[in-house]
Amino acid sequence: MSYELTIEPLGQTIEVEDGQTILDAALRAGIYIPHACCHGLCATCKVQVTDGEVDHGEASTFALMDFEREEGKCLACCARLESDVVIEAEIEDDPDSLNLPIEDFSGEVVRIEDLTPTIKGIWLKLDRPMTFQAGQYVNLEVPALGQSRAFSLASAPQEANVVELNIRIVPGGQVTTWLHESLKVGDELKVTGPYGRFFVKKSANVPLIFMAGGSGLSSPKSMIEDLLAEGCELPMTLVYGQRSRDELYYDADFRALAEKHANFTYVPALSSEPEGSDWSGARGFVHEAAKAHFDNDFRGHKAYLCGPPAMIEACISTLMQGRLFERDIYMEKFFSAADASQQLKSPLFKNI
Ligand SMILES: Cc1cc2nc3c(=O)[nH]c(=O)nc-3n(C[C@H](O)[C@H](O)[C@H](O)COP(=O)(O)OP(=O)(O)OC[C@H]3O[C@@H](n4cnc5c(N)ncnc54)[C@H](O)[C@@H]3O)c2cc1C
């Protein structure tokens, strides 16, 4: 059983399966409706139903109030069709988006490596190549748990058959603990993607700053490898923060890239490296290292931030004090289901 969903102002009509959400159907058709938490909590995906009936599913009464339901609003991430429906949505027209449809893949684990004491590299051979933009993420489903979680693609899009994920273990975390302790080479996982709007705005053609913390290195790694493989000559700087030297992974690879490419600069920064060790690089947090490296003046750059919410907030604040605007800053917050009910947008940003 399926219904037809017409999405205005595009005027495009797509099939929606019984039980499928509006958001899932749109993304699989390559139509991007802005969204964030995907759990009916944040209201980023609110759209207007102009014709037909929907079931609001698990939409929270805070994110979608009773009077909004009466006005015909719904949350695309939870709403399921009960008839043919027409919606009016704010469709973003981003010149740098390839608008790739989301698809399901099967991934065979072909390699597992300890990158640091808390981060594992996992390489998955997909049943067919996945076309993605560097910076995007996948949802990885662990059949043994019946649970899926978001992980950014760490490999460059040029390698579309075998994709790499860098996964940090979250103490007490269901999926990351299973992946760290039980996953074996030869296991099959379900991979859905590519998701997300975190990709390089290549059309802007200005110098780039990447700021990453912990396993947030995944997206910048993919983006930088992609840009350098394409022969991009714009100046680009990676400021990467970890606690200590044994947590600093791909360090030798980024140093080698910086040797090879005059336009690439690598600034690793350690926040808890023991005093007196032979570390001669920057000490402190990512935002502090970036502020010192750029002498508190980031003008003329686009910045790409990836990592835990607290790191991202500190970086936004530093970048704005150093004269970047909201329109120059892009980010992927590694939030979890528990964070999803909290504020997803930086309080420093005015626009949705
Ligand atoms: C778009 C996106 C991309 C992501 N990419 C990556 C990636 O490339 N690599 C990576 O390692 N992680 C990434 N994450 C984070 C990853 O999805 C979470 O770490 C994961 O959901 C945790 O799952 P879990 O089942 O182990 O923990 P859960 O069982 O879901 O959570 C257990 C407890 O840990 C807390 N928790 C969950 N995640 C975190 C966290 N990251 N930091 C601190 N506390 C947490 C929860 O609030 C909860 O209290 C990404 C997240 C998003 C939204």
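This is a predicted model: local features need pLDDT of at least 70, side-chain atom pairs count only at pLDDT 80 or more; totals for chains, interfaces and linings use all residues.
At one end of the order, strand β1 (residues 2-8) and strand β2 (residues 12-17) run antiparallel and are joined by 6 bridges. Within this pair, I7 stands opposite Q12 in β2. The two strands β1 and β2 form a hairpin with 3 residues between them. The turn of this hairpin includes G11, which has a positive phi of about 75°. The loop between β1 and β2 also holds P9, and the peptide bond from E8 to P9 is cis, with omega near 10°.

## The six-stranded sheet

A second open sheet is described by the order β11-β10-β13-β8-β9-β12; its 6 strands pair in the antiparallel sense. Which strands stand at the edges? They are β11 and β12, and because each has a single partner strand, one side of each is left without a neighbour in the sheet. On average, and with direction ignored, neighbouring strands of this sheet are turned by 40° against each other.

Helix α3 packs on this sheet, where α3 touches β9 (119-126), β10 (137-142), β11, β12 and β13. The direction of α3 makes about 80° with that of β11.

Strand β13 (residues 188-195) takes part in two of the pairings described here. With strand β8 (residues 103-114), β13 pairs in the antiparallel sense over 6 bridges; in this pair, the bridge partner of D104 is T192 in β13. With β10, β13 pairs in the antiparallel sense over 4 bridges, and here E141 has K190 of β13 as its bridge partner.

Strand β10 also pairs with β11, again in the antiparallel sense, over 6 bridges. The bridge partner of N139 in this pair is A150 in β11. Strands β10 and β11 form a hairpin with 4 residues between them. In the turn of that hairpin, G146 has a positive phi of about 65°.

## The surroundings of the ligand

How many residues surround the ligand? There are 21, and the closest are A150, N166, R168, V175 and T176. By class, this shell has 9 nonpolar, 8 polar and 4 charged residues.

A backbone N or O atom of Q174 lies 3.0 Å from an oxygen atom of the ligand. In the case of S215, an N or O atom in the side chain is 2.9 Å from an oxygen atom of the ligand. Taken alone, the ligand exposes 910 Å², and the protein buries 79% of that area.

The elements that give two or more residues to the shell around the ligand are β11 (147-152), β12 (162-168), α3 (174-181) and β19 (329-333). Strand β11 supplies the largest share of the shell, 4 residues. The ligand shell thus draws on both edge strands of the six-stranded sheet, β11 and β12, as well as on α3, the helix that packs on that sheet.

Most residues other than glycine have a negative phi, and most peptide bonds are trans. Against this background, some backbone positions in the model deserve attention. What is the phi of C38? The value is near 60°, which is positive in a residue other than glycine. C38 is found in the loop between α1 (22-28) and β3 (46-51).

A cis peptide bond leads from G193 to P194, with omega near 0°. P194 is found in strand β13, which pairs with β8 over 6 bridges and with β10 over 4 bridges. The bond from E8 to P9 is likewise cis, with omega near 10°; P9, however, is found in the loop between β1 and β2.

Methods:
Residues are numbered from 1 along each chain as its sequence is written. Side-chain values use heavy atoms; hydrogens and water are left out. A residue is near a molecule or strand if one of its heavy atoms lies within 4 Å of it. A polar contact is a pair of N or O atoms within 3.5 Å; within protein, one must be able to donate a hydrogen and the other to accept it, and residues adjacent in sequence count only if both atoms are side-chain atoms. Accessible areas come from the Shrake-Rupley method with a 1.4 Å probe; for residues, only the protein chains shown count as cover. Ala, Val, Leu, Ile, Met, Phe, Trp, Tyr, Cys and Pro count as nonpolar, Asp, Glu, Lys and Arg as charged, and the others, Gly among them, as polar. Two strands pair if DSSP finds at least two bridges between them. Axes are lines fitted to C-alpha atoms, for helices over the stretch in contact, and angles run from 0 to 180 degrees between N-to-C directions. Contact means heavy atoms within 4.5 Å.
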